[in-house]
Amino acid sequence: MGISVQELLAQDFFRDFYVLAGSRGLGKEIQGITVLEAPDAFHWTQGKEMVLSSGYVIAKEPGCIAQSFREGSMQKCSAFVIKRDRYLEQVPEEMVKLFDQYDVPLLSMPFSVPWMDIMSEVNTVVMNRTIRRFRMNSSAVYQISSLTYKEQKIRKILQAVEAEMKFPAFLYDFAEKKSYYSSANFRRIADSFGLSDEDFWEPSRPYTKHRLCDYIQMTRYRLVEQQAENLPRVSWIRIPIRVNENVQAYFAVMESRELLDYYDQFAIRIAFLSLQGLYEQIVVAQDMGNIGFENFVLYVLNSASENPKKVMFQANLQGLSTSRKYVYVMFRQKPGPEKVSGCREGILGTFRKGSMSKCGKIAITGQNEGLIFIEAPETGTYEKEEVTGYLREFRERVKEKCDGLELEFGILLEPDTLLNLRECSRRCRKALEMGSQMQPGGCFWDYAQLGPLAWLEIPGEELQHMLERYKNLMKEKKNVELLRTLKVYLENNMNFSATADKMYVHINTIRKRIDKINDLLNIDWDNSLERMNTSLLLQFLELDSSE
């Protein structure tokens, strides 16, 4: 990605540099600068370098230049620059002819210019040119109007990398689980080497690894074909995009033709900084938006008024739609020393990186609880399995991020708008409280599954007292089967035949079991209120009526 000799000489700093020979080679690319003052120093040039010399070596060893041309070293150079009036009063004619013959630019520079100034100016010119190329205006050919701002920006940066360096580039976004490419060239080359997207940050085949820059963790990966060393190999540069120590994405540049040069790394760093800045802006915007949304949620939940006009006014201030419907989920930490508020950043960061962030919002609403809002589809609604799949992923990631935090969830699958946020929150809480009583081993409870139990308002301590009699019976395994039979018996309107069919046993077995449970509980079958109480309490026991 260097700069041509001709482009360099066009800069104001180089106005007093003269071309002595090799003008046909002014299009050669400079990819580095070196100072050579020893006769054999040309043996260590890598090529595409602008060589600086005071003329000392030529004055002391007049044949060294001709020797370097014979050995093929000088032809690799992009240009040879000699200080005027330092050791050579005049450049030898034979030397001029050689540079003309091989089209290697021979330049004369002022005596007073320090080497460091030349190196600094070349680096500055390359940097400025690269930055200008990365500053694409809205009318650039890269604009894709159907994409979001984030997508447009990522694609523009990647396409600019390939246009500037001629190396295809790639970015994988973890929150969206989406890959972006500078062009089809990246996947074409990757496919030819059998590489998946994941291989670019976690190679599945043998490779070497070399850190190019510790600060931004810029690393070169290169495949190693141990059984076919003569086959072409491929390498790439990989840099993680981090915000708040969380990896948001991986940025990679393919080295399929050759290794990147010194100035290519300038472009990579500029592209990295552009991507890093973009992700930081996004996270800041998300944080600000999330704070505003969270304040709105807290306002609605804690407001003494349920006036829908006030809710609409507050929603409009935050740019929220009161017509959009959400599936509501309340989460809280299971009983223990850890609290939701103690892992706030971890929970919010995990949510941003997960699948729900693309279609939902989150708000921490108390010391140990929060709400998740999942946008409902325009037609229909989510299946419970789909929602619990999202939540299970979220729960596991939170558990990994926040040691000791185990969340449980109350779900309201029926979509509703933010105007009914308070009622929806109440129903989610009901699902949590009653679900945890009915199925204490679970962590996902759906409000709709409560049925008529959702209408009850039984304090937890009182419910536990009412259940104590049944739980004491369940300490003996044989009584569990009796209670299970009683539950099915009451669900089938005290019909022995229907109960027997349901449980796949003989009707006389059902009669004997009901007699036994009656001896234990002494139920007044003629009292409809007692029958109803018994039926409701059985719902809170871990009894599987399907067996």
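**Rings, charges and a helix**

Reply: This is a predicted model. It holds 29 aromatic pairs.

Me: What makes the pair of Y56 and Y87 edge-to-face?

Reply: The ring centres of Y56 and Y87 are 5.2 Å apart, and a pair needs centres within 6.5 Å. Their planes stand at 70°, and planes over 60 degrees apart count as edge-to-face. The pair is therefore edge-to-face.

Me: Why is this pair said to tie together separate parts of the sequence?

Reply: Y56 belongs to helix α2 (residues 56–60), while Y87 is in the loop between β6 (79–83) and α4 (93–101). The pair therefore links parts that are 31 residues apart in sequence.

Me: Are Y56 and Y87 buried, exposed or partly exposed, and how do you know?

Reply: Buried means under 20% relative accessible area and exposed means over 50%, with partly exposed in between. Y56 has 35%, so Y56 is partly exposed. Y87 has 37%, so Y87 also counts as partly exposed.

Me: How do you know what kind of pair Y172 and F174 form?

Reply: Their centres are 5.2 Å apart, with 80° between the planes. Planes over 60 degrees apart count as edge-to-face, and this pair is edge-to-face.

Me: Why is Y172 called buried, and what is F174 called?

Reply: The cut-off for buried is under 20%. Y172 has a relative accessible area of 12%, so Y172 is buried. F174 has 24% and is therefore partly exposed.

Me: Which residues form one aromatic cluster?

Reply: The cluster consists of F170, Y181, F186, F200, Y207, Y221 and W236.

Me: What makes you say that the charged end of K83 sits over the ring of F111?

Reply: The charged end of K83 is 5.9 Å from the centre of the F111 ring. The label asks for a distance within 6 Å and a position within 35 degrees of the ring normal. K361 likewise has its charged end over a ring, that of F293, 5.6 Å from the centre.

Me: How do you know that the length of helix α12 agrees with its residue count?

Reply: Helix α12 (residues 421–438) has 18 residues, which at 1.5 Å a residue should span 26 Å. Its end C-alpha atoms are 25 Å apart, so the two values agree.

Me: Which residues of α12 are buried?

Reply: Among them are L421, C424, S425, C428 and M438. An α-helix has 3.6 residues a turn, so residues three or four places apart point the same way.

How values were computed
Residues numbered from 1 in each chain as written. Predicted model: local features only at pLDDT ≥ 70, side-chain atom pairs only at ≥ 80, totals over all residues. Heavy atoms only, no water. Phe/Tyr/Trp six-rings, centres within 6.5 Å; stacked < 30°, edge-to-face > 60°. Helix = DSSP H or I, 4+ residues; strand = E, 2+ residues; numbered from the N terminus. Buried < 20%, exposed > 50% of the residue type's maximum accessible area, 1.4 Å probe, protein only. Expected span 1.5 Å × (residues − 1).
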